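Subject: Structure handover

Hello,

Here is the structure I promised to pass on. Please open it first, then read my notes below.

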Amino acid sequence: QNHVLALLACGAAYYHGHGCYINTERAAEYYMRAVAKKPENIDKMEKLFEKLDVNHDGVLTKQEVIDGHELLNTTVEGATRLFDRLDIDLDGELSLKEFFRKQGYRFDHIAMETTSHAVLKASVNLATLYRHGDGVAKSLFKARALFLEVAANEDEKHAAAKAGARIAIAELNAEIEETCPMVGRRVAVSAVDPRKAGLKDSPIMALQGHQGIAQDFCFKSKKYIVEFDLVPGQLAKLYPKFLELTDHKEGDVVQTTFFATGHQHIASSGDVA
């Protein structure tokens, strides 16, 4: 509890410029550390870790990561680079904590597990930073998630904050619908038929038909950040033109091809074979 309060105090100091220059980037870092929780798909990541951990000793060696490169949807060279990037303490092994930390899960999923006024205020401030991209990469989805947590608080002492959060949620819903309507929804990769004249093969063709969740939207690159069912925990950025909303369940792979006429063809199992 004291650790959380210390993080909140540091975040507030940088946010308001108390005893230091205003630094929204540092403020966001401390706020995220204070209100972060484990990712919702932690079970999938733990199962992936267990599959890679062949000798079941609780850590991953570089060889285990390299041998499991197909599970990570990468090459041998890519697995080598991945291990070097994740091994932050340079001990030649990857703990589960390191595996999670560098997969982008340390601060990405926000929730208030306590209802203290300090945490509530930190969540509001962090949501504001996310909403405007001030000190952090702009994320309307994360901003809305934080405001939803604030609005769900049952403590009547925070009525004013809850009312403000509900207003912000309505505004964010409208903005998300206008700028990135696929965020938080299930999507499938669609690609143009390579037989169309003048079109060259592209890496996107390898993902054709695969599905996942659009976790966020990058306003800098104008791409959706998608976590595919194929490799839980691995994120890819794709332009909206390569994605479509889908009602298919997790695990389904539907081969979808768009022909030059613009008509859509969904291959049957016989077609795929």
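One definition to begin: a residue is buried under 20% relative accessible area, exposed over 50%, and partly exposed in between, using a 1.4 Å probe and protein chains only.

This is a predicted model, so to speak of local features a pLDDT of at least 70 is needed, side-chain atom pairs count only at pLDDT 80 or more, and totals for chains, interfaces and linings use all residues. Residues are numbered from 1 along each chain as its sequence is written, and side-chain values use heavy atoms, with hydrogens and water left out.

**Confidence**

The pLDDT is the predictor's confidence in each residue, from 0 to 100. The protein averages 75, and 73% of the residues score at least 70. Residues 104-115 have a pLDDT below 50, and beyond near neighbours in sequence this stretch has 37 contacts in the model (heavy atoms within 4.5 Å). Residues 253-273 are also below 50, with 38 such contacts. Where pLDDT is low, the predicted coordinates should not be read in detail.

**Overall**

The protein has 10 helices and 10 strands. These are DSSP runs numbered from the N terminus: helices are H or I with at least four residues, strands are E with at least two. Of the 273 residues, 41% are buried. Take the contacts between residues at least 6 apart in sequence: 52% of them join residues at least 24 apart.

Five strands form an open sheet in the order 7-6-5-3-8, with antiparallel pairing. Two strands pair if DSSP finds at least two bridges between them. Strand 7 (235-238) and strand 8 (243-245) stand at the edges, each with a single partner strand, so one side of each has no neighbour in the sheet. The twist averages 45° from one strand to the next. Axes here are lines fitted to C-alpha atoms, for helices over the stretch in contact, and angles run from 0 to 180 degrees between N-to-C directions.

Now the pairs. Strand 5 (residues 211-218) and strand 6 (residues 223-228) are joined by six antiparallel bridges. Asp216 stands opposite Ile225 in strand 6. Strand 6 also runs antiparallel to strand 7, over four bridges. There the bridge partner of Ile225 is Lys237. Strand 6 is mostly covered, with five of its six residues buried. On strand 8, three bridges tie in strand 3 (residues 186-189), again antiparallel. Val187 stands opposite Leu245 there.

**Two turns of the backbone to check**

Most residues other than glycine have a negative phi. Which residue sits in the turn between strand 5 and strand 6 with a positive phi? That is Lys222, at about 65°. The hairpin has four residues between its strands. Lys222 is partly exposed, at 47% relative accessibility.

His56 has a positive phi of about 55° and is not a glycine. His56 lies in the loop between helix 3 (42-52) and strand 1 (60-61). His56 is exposed, at 66% relative accessible area.

**Cysteines**

The structure holds zero disulfides (a pair of cysteine sulfur atoms within 2.5 Å). Cys180 is buried at 2% relative accessibility. Cys218 is buried too, at 15%.

Best wishes
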